[in-house]
Amino acid sequence: MSVDTQDMEIVHRAFRRESRLLMELVTAVAPGDTARAKVIADHFRDYRLGLRNHHEGEDELLWPPLLSRVDLQADIVLRMEAQHERVAATLTRLDVAVPAWEAAAGAEERDTLVAALADHRAVLLEHLDDEEATLLPLAAQHITEKEWASLGDHLVANTPKLTLLTLFGLVLEDANPAERATLLSALPAPVRGIWHIIGRPRYARHIRRVRAA
């Protein structure tokens with residue numbers, strides 16, 4: 001049993017990049033610019049939903065089979081569970097800080113939000129680094145192809161279709177040509193068509209709007 005887990009590392013790149021950019025984007029919003037604040041807040045909500053569904057998929061579909069098949073390495077899985085709880089706690093803090101800043105784009109609320117985003121990113125990066133170094137090799141040896149594929153199925157089933165297009169664009173952004181081809185080839189042909197005709201131009205418009213100077 002050996003599963004290719006590289007797709008998760010590609011997904012992680014998007015979370016690393018966006019958690020950094022969110023801090024930069026919020027910092028750049030002028031006090032009182034509520035229109036700009038709403039754009040960034042909406043993007044955060046897409047990011048948050050993608051991260052939540054990514055982690056819930058692992059909680060429900062990855063940790064249980066791994067714990068049933070490993071012995072001495074169970075501590076790795078338990079550590080991942082604990083890290084997910086820490087990440088979730090930072091998201092709960094952000095669920096308060098983002099709307100508070102979005103409402104009036106005040107300088108004080110902005111600074112509070114940037115601090116919360118920094119804390120979130122620190123906890124998230126610790127988890128992603130650890131997961132890639134210790135958990136993914138374990139999953140490659142103990143998880144079936146079908147079980148691995150169920151993680152993607154869970155994300156699709158729990159994410160609105162338009163948000164899925166945004167998340168897919170975020171993941172493809174830093175993928176190299178070979179990785180991009182692999183990710184696209186995994187989609188059913190009709191879905192690939194939807195991405196090329198609707199998703200890709202929609203994502204380009206979205207990301208220009210989000211990252212506008």
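Is Glu173 buried, partly exposed or exposed? In this predicted model, Glu173 has a relative accessibility of 28% and therefore counts as partly exposed. The cut-offs behind this assignment are under 20% for buried and over 50% for exposed, with partly exposed in between.

Glu173 forms a salt bridge with Arg17, with 3.7 Å between the closest N and O atoms. This pair links distant parts of the chain, since Glu173 lies in helix H7 and Arg17 in helix H1, 156 residues apart. Arg17 has a relative accessible area of 7% and is buried. Both residues belong to a network of salt bridges that links Arg17, Glu18, Glu173, Asp174 and Arg211.

A search of the whole structure gives 19 salt bridges. One of them joins the side chains of Glu132 and Arg16, at an N to O distance of 3.0 Å. Asp95 is partly exposed at 34% relative accessibility, whereas Arg48, at 19%, counts as buried.

The cavity search over the whole structure returns 1 cavity of 30 Å³ or more. The volume of the largest cavity is about 40 Å³. Its lining consists of Leu22, Val26, Ile40, Ala41, Phe44, Val98, Trp101, Leu113 and Leu117. By class, these are 9 nonpolar residues, with no polar and no charged residues. At least two lining residues are supplied by each of helix H1 (6-28), helix H2 (34-61), helix H4 (74-104) and helix H5 (107-142). The largest share, 3 residues, comes from H2.

The largest pocket holds about 1,300 Å³ of space. It is lined by 39 residues, of which Gly152, Leu155, Val156, Phe168 and Leu187 are the closest to its centre. The lining divides into 25 nonpolar, 7 polar and 7 charged residues. H1, H2, helix H6 (145-157), helix H7 (161-173), helix H8 (177-185) and H9 each contribute at least two residues to this lining.

Ile197 is located in helix H9, which covers residues 189-210. With a relative accessibility of 68%, Ile197 counts as exposed, as the cut-off for that class is over 50%.

The backbone at Ala105 was also examined. Most residues other than glycine have a negative phi. Ala105 is not a glycine, yet its phi is positive, at about 55 degrees. This residue lies in the loop between H4 and H5. Ala105 is buried, with a relative accessible area of 2%.

Key: Residues numbered from 1 in each chain as written. Predicted model: local features only at pLDDT ≥ 70, side-chain atom pairs only at ≥ 80, totals over all residues. Heavy atoms only, no water. Helix = DSSP H or I, 4+ residues; strand = E, 2+ residues; numbered from the N terminus. Buried < 20%, exposed > 50% of the residue type's maximum accessible area, 1.4 Å probe, protein only. 1 Å grid on protein atoms, 1.4 Å probe; cavity = no way out; pocket = protein on both sides within 12 Å on 5 of 7 lines; lining within 4 Å. Points joined across faces, edges and corners; volume = space filled by probe spheres on them. Nonpolar A, V, L, I, M, F, W, Y, C, P; charged D, E, K, R; others polar. Salt bridge = Lys/Arg side-chain N within 4 Å of Asp/Glu carboxyl O.
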